[in-house]
Amino acid sequence: MLDGDAIVRRYVFSGFPAAWAFMSRVALLAERHDHHPDWRNSWNRVEIRLTTHDTGGVTARDLDLARAIDAIPATG
């Protein structure tokens, strides 16, 4: 979902361990892409915001990382 100058997606998991496992996978993926999300976690929920701060909006880098995150199998 586009929200202003960012791509935003919310995920809900069965509990904190599943949410944390997802965040760990995203962290490693983001590191490989050299593009890191703004995110927050509250128990079983994770919200990810992707934007390119240098340009003040969404770029191909954000879209590429969003697609890669979407390819992570949903667990929990």
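How many bridges join strand E1 (residues 2–3) to strand E2 (residues 6–12)? Two bridges join E1 to E2, and the two strands run antiparallel. This is a predicted model in which local features need pLDDT of at least 70 and side-chain atom pairs count only at pLDDT 80 or more, while totals for chains, interfaces and linings use all residues. Residues are numbered from 1 along each chain as its sequence is written, and side-chain values use heavy atoms, with hydrogens and water left out.

Helices (H or I, at least four residues) and strands (E, at least two) are DSSP runs, numbered from the N terminus, and two strands pair if DSSP finds at least two bridges between them. E1 and E2 form a hairpin with two residues between them, and Gly-4 in the turn has a positive phi of about 65 degrees. The open sheet has four strands in the order E1-E2-E4-E3, with antiparallel pairing; its edge strands are E1 and E3, each of which pairs on one side only. E2 is also joined to E4 by six bridges, again in an antiparallel run.

Helix H1 (residues 16–33) lies across E2, E3 and E4, running at about 165 degrees to E3, whereas H2 lies across E2 and E4 and runs at about 15 degrees to E2.

Asn-44 is found in the loop between strand E3 (38–42) and strand E4 (45–50). Because its relative accessibility is 10%, Asn-44 counts as buried, a term that means under 20% relative accessible area, with exposed over 50% and partly exposed in between (1.4 Å probe, protein chains only). Leaving aside residues up to four places away in sequence, Asn-44 touches several residues, including Tyr-11, Phe-13, Phe-16 and Ala-19.

Leu-63, which has its place in helix H2 (residues 60–70), counts as partly exposed because its relative accessibility is 38%.

How values were computed: Contact = heavy atoms within 4.5 Å. Axes fitted to C-alpha atoms, helices over the stretch in contact; angles between N-to-C directions.
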